[in-house]
Structure formats: C-alpha cells, structure tokens
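Please look over the structure shown below.

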Amino acid sequence: MDESLLQSIRETQPHIIYVHLGINDVQSRLPTERTLANIFCFQKFLEGNSRRTKLIISTPLQNGKDQHHLEIENIKTSLGKFFNQKEYNRRLTDRSFWVQPNDHFHVMDPSGARQQRDKYFSNADGLHLSNLGKRAILCTFRDGLHQFLRLC
C-alpha cells in the first residue's frame, strides 16, 4: 500500500473511505486472492489506525466476458462471506465494513438470462466504464452513501 496514503489516513482519520474495487486487478489478471488480500489488509490497517473510518467497497460491474465474470463473482462472493462473518450481526452504527455489490446493471435477455448492458463499458477494452457507466456508478455511490448515512 502507498505509504503516503496510509499516513494521510492516520493523520486525518476520515469518517468514510469509498473504494471501487477490482477493475484494474481484473484487467491485469491479478489473482483474486491477491485482490482480496489487499482489501483485507487495508481494512485491518483501518482497524488499527483509524477506528472511526467506515470502509465501503463498491464491486466491479459484470461485463459479460466469461473470465472477467468469474473473477468478479469470486471477489463479490469472498467479500460477502467476509462481511457476513465479521459485520453482519453487528449493529449498523458499529459496522466498519460495507459491500455495495452493484448487481443491478443488467437486463434480461429473451431466454430470461442476465445480460450486461454494453453501454456501461468502454469500447477500448470492454472492462473499464464508459462515461455512462461512470455516471451510473456515481449515482449508485450517491444512493449507497445516502442509505449508509441514514442508517448510521
């Protein structure tokens, strides 16, 4: 982790850190275990250095590509298990870790299967968000943050 970022967190003790996780990791084919280890290490750092900070993890959108889909689902599943073990039974105000799954950016095809909307992704690589995808994530961020702040 970047030491200047960690030092800034120690000094400022932010209330909330929002991380949109995984797109660069998926694109660079970083093993899912490494992506998860990085986020768990960061969460542990927060517990020891900035206890009031709430960490919100926004997971990547599915782009319809099999390899990316599998990696993103592994990340989401593992984060969900971690959250359920660590935070689920805690009062909302006591939780330090939240997962925003971003799993509603799809349509149903004629057979009833989930199909990702291409318009949310860049034509360059089909993985990073297009401008519309960025706006959608920002709206999700705003709505998720609103719910989070209202509950806490």
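Leaving aside its neighbours within four places in sequence, L46 is in contact (heavy atoms within 4.5 Å) with I9, I17, R51, T53 and L55. This is a predicted model, in which local features need pLDDT of at least 70 and side-chain atom pairs count only at pLDDT 80 or more, while totals for chains, interfaces and linings use all residues. Residues are numbered from 1 along each chain as its sequence is written, and side-chain values use heavy atoms, with hydrogens and water left out.

L46 is also one of the buried residues of helix α3, together with T32, T35, L36, I39, F42, Q43 and F45. Buried means under 20% relative accessible area, exposed over 50%, and partly exposed in between, with a 1.4 Å probe and protein chains only. Helices (H or I, at least four residues) and strands (E, at least two) are DSSP runs, numbered from the N terminus. An α-helix has 3.6 residues a turn, so residues three or four places apart point the same way.

A nonpolar core is a set of buried Ala, Val, Leu, Ile, Met, Phe, Trp, Tyr and Cys residues joined through side-chain atoms within 4.5 Å. The largest one has 18 residues, of which I39, F42, L46, L55, I57, L79 and F97 touch the most other members. At least two residues of this core come from each of α1, α3, β2 (54–58) and α4 (66–86). A second, separate core of 6 residues includes L61, F121, L129 and A136.

Which disulfides does a search of the whole structure find? It finds 0, where a disulfide is a pair of cysteine sulfur atoms within 2.5 Å.

| Residue | Relative accessible area |
|---|---|
| C41 | 42% |
| C139 | 36% |

The protein chain has 5 helices and 5 strands, in the order α-β-α-α-β-α-β-β-β-α along the sequence. Buried residues make up 39% of its 152 residues.

The mean pLDDT (the predictor's confidence in each residue, from 0 to 100) of the chain is 80, and 85% of its residues reach 70 or more. Where pLDDT is low, the predicted coordinates should not be read in detail.
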